[in-house]
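Welcome! Here is a short tour for anyone meeting this structure for the first time. Please have a look at the sequence and the model before reading on.

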Amino acid sequence: MQARRGRFSARTTGVAAAAALVMLLPLGGGGERGDDRGGDRGGGQGHGNDRARNVIFIQGDGLGLSHRELVRLATVGKDGQLAMDSLEHAGWTTTDSADPEEAVTDSAAGATAFASGVRTYNGAVGVDVDGNPVPTLLEAARDAGKATGLVTTAQVTDATPAAFGAHVPDRGDQSEIARQLLEGSRPDVVLGGGEDWWYPAGDPGAWEDNPAKDPTEQSKGTKRNLVERAQGLGYTYVSDAEGLADARGRKLLGLFANEEMFEQRNEGEGDLYEPEVPLVDMTAKALDVLSRDRDGFFLLVEEEGVDEFAHRSNATRTIQAGQALDETVALALDFQERNRDTLVLVVGDHATGGLAIENVDPEDEGGEGATAEDGPFDLAGSDLQFTVDWTTGGHTGEATPITAQGPGAARLAGAQRNTDVHDAVLRAMQPRGRG
Ligand SMILES: [Zn+2]
C-alpha cells in the first residue's frame, strides 16, 4: 500500500522521469520489439514496466460474454478466435450503477464508472450521485500532456463518449455535451455520429434533414452552430470518408451521420449497419493523429451497434457490429505490437438483450410468453446452426468480460468492479515515479 501511495504522489518527479525516458526512446515507438519495457511480464508489479504511454480503451456497448461468443461462432466458428479474445489478460467486471430506482445500469452510469471510477445514477454523465462533476480518464490524460480522442459509431455526444469528456446531470442534454467537448475537455480527435446536435433547427449541416432512411432526423441543437465554434477553436471539420482521409492538422472533428452511424431497427424494418466511415478507419485516423504526440495519448473507441441492435433482438446486425468491433481491436493490437508502451483493453459496459445461444429446436419456447427466437444462424466452418434467444429488450445485470494487453494490463485480469477498471487504467497512465 505504501509503495502504491508513493507512486501516486511522486507526480512531479514522475513527469521528469517520463520526459527523460521519452528522450531516450525513438519517437513514435516507445518500446521496440524485444524490449520488454512496455510489456507486463512478472505480473506488472515492478517499477517502470507497467506504465502506459498510450491507452486505447475499446468499449463494445452492450457487449456481454454471450455477444462475444455469438460473434465468434458466427464468424470464425468453434476453432476460431476473435482478436478481442486474443489479448494476454482476461477478467470480468461488474456493471452495477448506483441508481436509486433501477437494479441494472444504463450506458451513462456504466461509462461514468469506467471513465471516473464513480458509481452514479442511470442517466448521469460524468457526475456523481449528487450531481457533482467527477474527473475522467480523458481529462487526466490531457492534464498529463497526452493527446486525447473519442471515436464512436454512436453520436459523439451519446452516453459513452460523453462520460469521458463532459459532465451533465442528464445524458439527454447533448448540445451541452458537445459544447463541453469543445470548451471543456477539448479532445484532439472527435469522430462519430450525431451531427443533429451541433446545428440549430433549420440549419441541416452537411447531413440533410429528414432523409428517406429516417425522416425523423433533423438538426435540433440548442447551442447555435457548434461546428463553426469548433472550427474557430482550431478543429478541422469533416463529414465524409473522403474528407477524413484528406484531413490534416492536429485537431479533428468528424460527424458522419445525423444520429447514430447505422439504423437501429428490428430485422427487416429498415435496419442498416453501413457506417459512412467504418469504425476501423475512424480509429486508424485517430491513431495517426494522436500518435504524433510524444507524451502519448488516450483514445476511447466505442462500437455502439452491439447494444442498439441487441435492444431490437436483431442478431444479424449485432453480429455485423461485433465484427466491426473485432476488426478495430485487431488494428489496435497491431498498433500495440509496434508501440509496446500502449495499453489496449476491450470491455462492455453492460450486456443487452439477455442473449442466449441455443440449439435449433422448434419445440423450444413456443406459445404464450415466448421470448424472441432469432435465426437460425450458420455456425461458421460447420454444417451446424444455432438459434439466438433474446430474453429482454433491455440491459441485463451480469458482469462483462474484459481483455487487456500492454503495460498495466495484468491489473485488469480477474474479478473487477467497474470502478476498478478506471483505477487500473489511471494507474497505468501515471507518470513513472520512484515508489
Ligand atoms: Zn442500451
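A word on terms comes first: a residue is called buried when its relative accessible area is under 20%, exposed when it is over 50%, and partly exposed in between. Please also keep in mind that this is a predicted model.

**Salt bridges**

Side chains of opposite charge can pair when their charged atoms come close. In this model the count comes to 19 salt bridges. Let us begin with the one between Asp143 and Arg142, where the closest N and O atoms are 3.1 Å apart. Asp143 has a relative accessibility of 60%, so it counts as exposed. Arg142, at 25%, is partly exposed.

Another salt bridge joins Glu259 to Lys220, with 3.2 Å between the closest N and O atoms. This pair links distant parts of the chain, 39 residues apart: Glu259 sits in the loop between β6 (252-255) and α10 (279-290), and Lys220 in the loop between β4 (189-193) and α8 (226-232). Glu259 counts as buried because its relative accessibility is 14%, while Lys220, at 33%, is partly exposed.

| Asp143 | Arg142 | 3.1 Å |

**The zinc site**

Which residues coordinate the zinc ion? They are Asp307, which gives two OD atoms, and His311 and His395, each through NE2, at 2.0 to 2.3 Å. Along the chain, these donors follow the spacing D-x3-H-x83-H. The angles among the four donor atoms run from 58 to 151°, and the site is irregular.

Asp307 and His311 share helix α11 (residues 305-311), where they lie four residues apart, about one turn of the helix. An α-helix has 3.6 residues a turn, so residues three or four places apart point the same way. Asp307 has a relative accessibility of 3% and therefore counts as buried, whereas His311, at 24%, is partly exposed.

**A covered strand**

Now turn to strand β1 (residues 54-60), in which seven of seven residues are buried. In a regular strand the side chains alternate between the two faces of the sheet. In β1 both faces are covered: Asn54, Ile56, Ile58 and Gly60 lie on one side, with Val55, Phe57 and Gln59 on the other.

What runs alongside β1? Strand β8 (residues 342-348) is parallel to β1 and joined to it by seven bridges, with Thr342 as the bridge partner of Asn54. Strand β7 (residues 297-303) also pairs with β1 in the parallel sense, over six bridges; there, Phe298 is the bridge partner of Val55.

**A helix to finish**

Helix α13 covers residues 418-429. Its 12 residues, at 1.5 Å a residue, should span 16 Å, and the end C-alpha atoms are 18 Å apart, which agrees. The helix is mostly covered, with 10 of its 12 residues buried. Among them are Asn418, Val421, His422, Arg427 and Met429.

Conventions
Residues are numbered from 1 along each chain as its sequence is written. This is a predicted model: local features need pLDDT of at least 70, side-chain atom pairs count only at pLDDT 80 or more; totals for chains, interfaces and linings use all residues. Side-chain values use heavy atoms; hydrogens and water are left out. Buried means under 20% relative accessible area, exposed over 50%, partly exposed in between (1.4 Å probe, protein chains only). Helices (H or I, at least four residues) and strands (E, at least two) are DSSP runs, numbered from the N terminus. Two strands pair if DSSP finds at least two bridges between them. The expected span of a helix is 1.5 Å times one less than its number of residues. Donors are N, O and S atoms within 2.8 Å of the metal (3.2 Å for Na, K and Ca); water is not among the atoms, so sites may look incomplete. Four donors count as tetrahedral if all angles lie between 85 and 135 degrees; four count as square planar and six as octahedral if opposite donors are over 155 degrees apart and all others between 65 and 115; anything else is irregular. A salt bridge is a side-chain nitrogen of Lys or Arg within 4 Å of a carboxyl oxygen of Asp or Glu.
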